[in-house]
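Biologist: Please show me the model, and then let us discuss it by question and answer.

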Amino acid sequence: MKTTLTRRRILRALSGAVAGLLSLAASRKAKAAVQKMLVASHTPKGYDPTKHKWLMALDVERCIGCGLCVEACKTENNVPLGPNYFRTWIERYVITKPEPGSGELRGEVVVDSPNGGMHGFPSSLVPKEQILKSFYVPKLCNLCEHSPCSQVCPVGATFDTPDGAVLVDPKYCIGCGFCIQACPYGCRFMNPITKTAEKCSLCYHRITRGLKPACVEVCPTEARVFGDLKNQAPDDPIQRFLGKNKAAQSLKAHLGTGPRVLYADLDKEVR
Amino acid sequence: MQRPRIPPQILRLLVLTIVIVTVYSIARYFLTPQSFGMYGWYRAVALDEIAARPTTYAGRKACDECHSEVVQRLAKYEHKSVSCESCHGVGQAHAENPDVAVAKLTYSHCVRCHEADPARPKWLKQVKSKEHYTGQRCTECHIPHQPNEVP
């Protein structure tokens, strides 16, 4: 039998292949749809990530450096107690008076965070007479709009969720540590027990149940404000915060990571 | 007319390419998690898994279910912004089973916030615990739930 390679034959073979590929994609979609119906969801009923946009804001003027938030975060999220493992921590800034005759407006800036401020702060190393200004700054994941940590993850184990959190999937994390280096805020660490990267999850297991994150729950002075930008009630804490603090800033905004966590009354020395 | 012939080495390459692409497609079809790509370049089920973790802090609403009297009284005084669990410790276990006691309070709970510190904002009432009525317990003069009142 003689087979000739005509234009008609080639076209027919090609169209067959394309049709085959298309039907494969269609069957996969169908499979996914069926699976989605069958798989039982753990999420608390009625929670739809696309209908929320969570945000944390911090009022620096209200933080008293008690460290309850750091402790609560560790308890709630099973964070190892060592001094290198924090999902949130508090920094103490001490700005000293300038040297007499130096012409400067401010002296040097001393920043410390003993054990993340978890057990409060011992008295400052700088004597009280030399302090020009001193304050506490709570730090946590800045919930970047274009998070560098999720961009560098080689396995898609960390990602920006539609509701504004940046999460780590511990099942997929291979512990390479790229994200820890990528975060310009130092908000990530390697969990020594699970050997996976960890970070503030905005207490995702709490906010999906309608609770506040643990740090916000225990903060005695309402220095930490938490709310949903998509459900704007007038008494929503975040709306009150935004109304009161029009000039709230985010940290290292010049890096282009789009940090969303807002700080009110932030001193320019804070990095 | 001579028909064009595909050289055998090209044919072998073609077959090999088709085999590799087919094997890859089949493997990808079966190995990609079902929820991958639902919200983005990740497994959407991970959201549910993370949301399913148990909570440790119960939240003020849970306290209010049984201790509403205390919660309402607290709301009238200066400590109204202080959550129950800020001082009394984690409460989820206690909320589920009242027989599980919450943590006992000590003096350190008061000075943790109220010890004088130049870094603390001026609006906060602060004391130097080493000079402020040493030897007496805070609660001898102050009621934590009604801090404005001195008995």
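**Strands, helices and contacts**

Modeller: E2(A) is mostly covered, with seven of its nine residues buried; a residue is buried if 20 or more other C-beta atoms lie within 10 Å of its own, exposed if 12 or fewer, and partly exposed in between, with C-beta atoms placed from the backbone. Helices (H or I, at least four residues) and strands (E, at least two) are DSSP runs, numbered from the N terminus. This is a predicted model, in which local features need pLDDT of at least 70 and side-chain atom pairs count only at pLDDT 80 or more, while totals for chains, interfaces and linings use all residues. Residues are numbered from 1 along each chain as its sequence is written, and chains are lettered from A and ligands numbered from 1 in the order in which they are written.

Biologist: Which strand is joined to E2(A) by nine bridges?

Modeller: Two strands pair if DSSP finds at least two bridges between them. E2(A) pairs with E3(A), residues 109–112, in the antiparallel sense over four bridges, and there Ile95(A) has Val109(A) as its bridge partner. In the other pairing Val94(A) has Ser134(A) as its bridge partner. The strand joined to E2(A) by nine bridges, also antiparallel, is E4(A).

Biologist: Which residue of E9(A) stands opposite Met56(A)?

Modeller: Towards E10(A), Ala57(A) stands opposite Leu262(A) and Leu58(A) stands opposite Tyr263(A). Towards E9(A), the residue opposite Met56(A) is Phe226(A).

Biologist: How many of the six residues of E1(A) are buried?

Modeller: In a regular strand the side chains alternate between the two faces of the sheet. In E1(A), Trp54(A), Met56(A) and Leu58(A) are buried on one side, and Leu55(A), Ala57(A) and Asp59(A) on the other. E1(A) is therefore largely enclosed by the rest of the structure, the number of its residues that are buried being six of the six.

Biologist: Is H2(A) largely enclosed or in the open?

Modeller: The buried residues of H2(A) include Leu68(A), Cys73(A) and Asn77(A). What covers the buried residues includes E2, E4, H6 and E9 of chain A together with helix H4 (84–88) of chain B. Nine of the 10 residues of H2(A) are buried, so this helix is largely enclosed.

Biologist: How many residues of H1(B) are buried?

Modeller: H1(B) covers residues 8–31. The expected span of a helix is 1.5 Å times one less than its number of residues; for the 24 residues of H1(B) this gives 34 Å, and the end C-alpha atoms are 34 Å apart, which agrees. H1(B) lies largely in the open, because the number of its residues that are buried is zero.

Biologist: Which element gives the most to the side of chain A that touches chain B?

Modeller: Two residues are in contact if their C-beta atoms, placed from the backbone, lie within 7 Å. The contact takes 53 residues from chain A and 36 residues from chain B. Among the elements that give two or more residues to the side of chain A are helix H2 (68–77), strand E2 (88–96) and strand E4 (131–140). With five residues, the element that gives the most is H1(A).

Biologist: How far apart are the C-alpha centres of domain 1 and domain 2 of chain B?

Modeller: Domain bounds come from an automatic or database domain assignment. For chain B this assignment gives domain 1 (8–51) and domain 2 (60–141). Their C-alpha centres lie apart by 55 Å.

Biologist: What separation is found between the centres of the two domains of chain A, taken over C-alpha atoms?

Modeller: The assignment for chain A gives domain 1 (49–144 + 200–264) and domain 2 (148–198). In contact are 25 residues of domain 1 and 16 residues of domain 2. The separation of the centres is 21 Å.
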